[in-house]
Amino acid sequence: MPLPYRVLAVHQDTADVATLDMEPVGAAIPEPKPGQFTMLYAFGVGEAPISVSGAPVNGAPLVHTVRGVGAVSNAITRLRPGQEIGVRGPYGTVWPVEEADSHDILFVAGGLGLAPLRPAVRHVLANRDRYGRVSLLYGTRGPEDMLYREELTEWRRMLDVEIEVTVDHADRTWRGAVGVVTNLIPRAGFDPAHTTAMVCGPEVMMRFSIMGLQGAGLPFERTYLSLERSMKCGMGLCGRCQFGADFVCKEGAVMRYDRIAHIFTVREI
Amino acid sequence: METLERIVLEQKIFAGLDPEIGKLITGCARNHHFEPGAYLFHEGEAANEFFLVRHGDVALEITAPGRTLVLGTVHDGDIVGASWLCPPYRWTSDARAGTHVRALGFDAACLRDKCDEDPHVGYAMMKRFMPLMVSRLQAAHLQLLDVYGRPEGA
Amino acid sequence: MQALIEALAARGHDVIGPVERDGAIVYDHIAGVADIPAGRTDRQEAGFYRLEARSDGALFGYAVGPHSWKRYLHRPRETLFRVRRVGEELAFDAPREPAKRTAFIGVRACELAAIAIQDRVLQGGAYVNTEYAARRAQTFLVAVNCGDPSATCFCTSMNTGPRARSGSGYDIALTELLDGERHEFLAEPGSDAGAALLAYLPTRPAVAADWQAADAVAAQAAANMRRHMPGNGLKEALQGNPEHARWDDVGNRCLSCANCTLVCPTCFCTTIEDHSDLDGQGAGRVRRWDSCFTRDFSYVHGGTVRTQTRSRYRQWMTHKLAHWWDQFGTSGCVGCGRCIAWCPAGIDITAEAAAFVEGQSHGDA
């Protein structure tokens, strides 16, 4: 059963994306680890699986970034501070921030994909001395679609982090790179022998990014992505989220690519 | 080895190039510097010279009434312009320097002639330019898909 | 038998057993032995089910019908909770009626296997379907060993029957012994509760001849098995061939009607429906059976993943016969044959499986 949480703040990131800060009314869910998701319940409308984009540590609120694409997600993005929302979870697997200890880290984010990656980026930057080079490649549709601009700028100011941003479409007012995020991969200059990559974004973008990473010599065993499938329960009981023999809610959403390489490109699997 | 020849052979795209061929194509090359905002070429012009960016950012643009759209940006080590490869040898977009740009300019007609004269030169060039064009095309496809766009019916 | 039913009812069980209704043998509440269809049998084939008269008065002389016991354990529709909105606050409320004691009469060996499979899926993992678990704990199982399989049965090749093995979960296992004058049941206890109940009923100790008769029933059932599921290499053949031409072939025949998932005793997929009251102050959540054959099942924003029937059939069959091993350590199929009989297109899962295995051995991919 969902636990009631109170919305503290709603930040409109783009035309259809909002970030909600929330805190528990009574009992709290266990602390979500980077990569996990919760089932958010909009009163009377339903639930949707949403990745946690900010963990409630050190007094911070629980944060979710939601794109309004259907009845439930639209209802969630329209909540106002003070209103309540149901939260269940956290569910799912975690980004390999532990396994990637001492590695170089390459984050590849597309569009809304930066939201599920953000807790991993924050974790890596908060434990900076445990990792080698840290780079983030971020692609969106256009400059107006970028998430977390202030935080991106803060990250950029850290001299030992590389942030490369690109957009698919732009006019002249955008002075940065234009082109797909995969273009940034050959130029990222990472050492495939010591790098772990974490990729998140629309499925097509992840497919092309993985091809690009493979082309640059990165093995599948150090490539991780976050999958999305229809979910109703989040617990492996309703059967909907199956991807081959895996339940995306149990063996995912974060999966190591070598586990699914054989079916990732099979149509309608 | 003369300086320009060295610079040519240093470029990633010419890695592994037979030094004799390198010398030959250097004969078609010269150094350029562009100020920020300067045009490398304009849409519709004859594609007489194409560029290899040594350092800097170049935006490929199309201008429609009232607005200018950026098709893509190219950076260090990239080639600007493919229209020199095939008739009618005319540029299909503008190329504008976003920053200070140092580039190698190659005389397209000169290089085409050298390729015709010696198939080895032609093949060495084709092996290098073809993969570039293919991955540009793939990237353009992905850009077209608008993967971050609003899903249908949403 | 009558005494058994009455004893169970007296102990507060809802007794559920086979009844004849609408031309089929289904599972519903029974008050006594008179409710059980005596002297009836079923003739089943792909896409075909008919009831016929028997020449004897056997109480359990048929195989299985469109119902399975899952409709009583993993309910088709279940209210999960209600929620009230008071001002800005949400108050969640899960009124749970305690599960009723229930007894199932006539559980076949394949059905015992199916119940064990659903136990593993719904209460054997990190998260438990608590409604299922509560009902399951209150269920008394009276198994019946099959004597007369239908043509759609294939429990022997699935290693689930025809005889209920000891330890397979029954409280009491019955074998109907019927010849000439005699009409008795050999009853074997499978649990303390079963033994206790049997002690209370009018019984006589079984003798060697009874055991031999029971063995004969099982042997006859096994000998009459007409269909077989290929075993060797089936999992690999299915998981390794997602683009096999056979998927297109069966996809063209399949109507995506979801009958197979409804009648299958192990299919467990569900969906959630949230309803709000007209006054906007209350809402509820209901869990309902769902099927991987619906377009909605694999819908993520942006569209349905499995738009084609062939993809959905592939999902169902590969999950049932292959992925289930990786997920739960057994096959998902128990060989009851319901999906074959109740498919309006007459698709036979054993024939489809054979096509894949055969294709594999001929180097066909």
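Strand S10 of chain A and strand S5 (residues 67–74) of chain B pair in the antiparallel sense over two bridges, where strands are DSSP runs (E) of at least two residues, numbered from the N terminus, and two strands pair if DSSP finds at least two bridges between them. The model is predicted, so local features need pLDDT of at least 70 and side-chain atom pairs count only at pLDDT 80 or more, while totals for chains, interfaces and linings use all residues. Residues are numbered from 1 along each chain as its sequence is written, and chains are lettered from A and ligands numbered from 1 in the order in which they are written.

**Where chain A meets chain B**
- Within the pairing of S10(A) and S5(B), the bridge partner of Ala170(A) is Val70(B).
- In total, 25 residues of chain A are in contact with 20 residues of chain B, contact meaning that the C-beta atoms of two residues, placed from the backbone, lie within 7 Å.
- On the side of chain A that touches chain B, two or more residues each come from strand S10 (170–171), strand S11 (177–178) and helix H5 (203–215), a helix being a DSSP run (H or I) of at least four residues.
- H5(A) gives the most to this side, with three residues.

**Around Arg88(A)**
- Arg88(A) belongs to strand S6 (residues 84–91) of chain A.
- Leaving aside residues up to four places away in sequence, Arg88(A) touches Pro2(A), Thr38(A), Met39(A) and Gly234(A).
- Thr38(A) is 50 residues from Arg88(A) along the chain, yet their C-alpha atoms are separated by 5.5 Å.
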